[in-house]
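User: I would like to learn how to read a few features of a structural model. Please take them one at a time.

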Amino acid sequence: MPKFLILMTEADHDARWAAADAAAQDKLLTAMDTFATAVRTHGTLHAVLPLIPTVPPNDLHGVYLVDLPDLTATTNLTELLPYACEIREVMDVGIPITA
């Protein structure tokens, strides 16, 4: 199964997150959990990597590494995420992801 890197982007994400109330933050976290559950149903979730805010701010704020059947399945599942996503297929060079 191919591996994909899913890059989540949103302008001013860190400021928007900080300004969101608890209910809005919970809604976003629930959407990301729903995505993770769907990935586990159809493939493998290797990593969820929220990025530490940078100075100056960067639109990239989180990354998933997944195994899913194909680009179409990956694209369809990213529709569950509350953010714009860039999907990149990852080259497998034979080095294990986990020990």
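User: Which element supplies the largest share of the lining of the largest pocket?
Analyst: In this predicted model, strand 3 does, with four residues. Helix 1 (13-19), helix 2, strand 2 (44-50) and strand 3 each give at least two residues to that lining. The lining has 16 residues in total, and M8, H13, M32, P50 and H61 lie nearest the centre of the pocket. The volume of this pocket is about 260 Å³.

User: How do the residues of the lining divide into nonpolar, polar and charged?
Analyst: Twelve are nonpolar, three are polar and one is charged.

User: How many salt bridges does the structure hold?
Analyst: Side chains of opposite charge can pair when their charged atoms come close. This structure holds three salt bridges. In one of them, K3 pairs with D67, with 3.4 Å between the closest N and O atoms. K3 is in strand 1 (residues 3-9) and D67 is in strand 3, so the pair ties together parts 64 residues apart in sequence.

User: Are K3 and D67 buried or exposed?
Analyst: Both K3 and D67 are buried. Elsewhere, E10 forms a salt bridge with R16, the closest N and O atoms being 3.9 Å apart. E10 is partly exposed, at 21% relative accessible area, and R16 is partly exposed at 49%.

User: Which residues form the aromatic pair?
Analyst: F35 and Y64 do, in an edge-to-face arrangement with 4.7 Å centre to centre and 70 degrees between the planes. F35 belongs to helix 2 (residues 22-42) and Y64 to strand 3 (residues 60-67), 29 residues apart. F35 and Y64 are both buried.

Methods. Residues numbered from 1 in each chain as written. Predicted model: local features only at pLDDT ≥ 70, side-chain atom pairs only at ≥ 80, totals over all residues. Heavy atoms only, no water. Phe/Tyr/Trp six-rings, centres within 6.5 Å; stacked < 30°, edge-to-face > 60°. Buried < 20%, exposed > 50% of the residue type's maximum accessible area, 1.4 Å probe, protein only. 1 Å grid on protein atoms, 1.4 Å probe; cavity = no way out; pocket = protein on both sides within 12 Å on 5 of 7 lines; lining within 4 Å. Points joined across faces, edges and corners; volume = space filled by probe spheres on them. Nonpolar A, V, L, I, M, F, W, Y, C, P; charged D, E, K, R; others polar. Salt bridge = Lys/Arg side-chain N within 4 Å of Asp/Glu carboxyl O.
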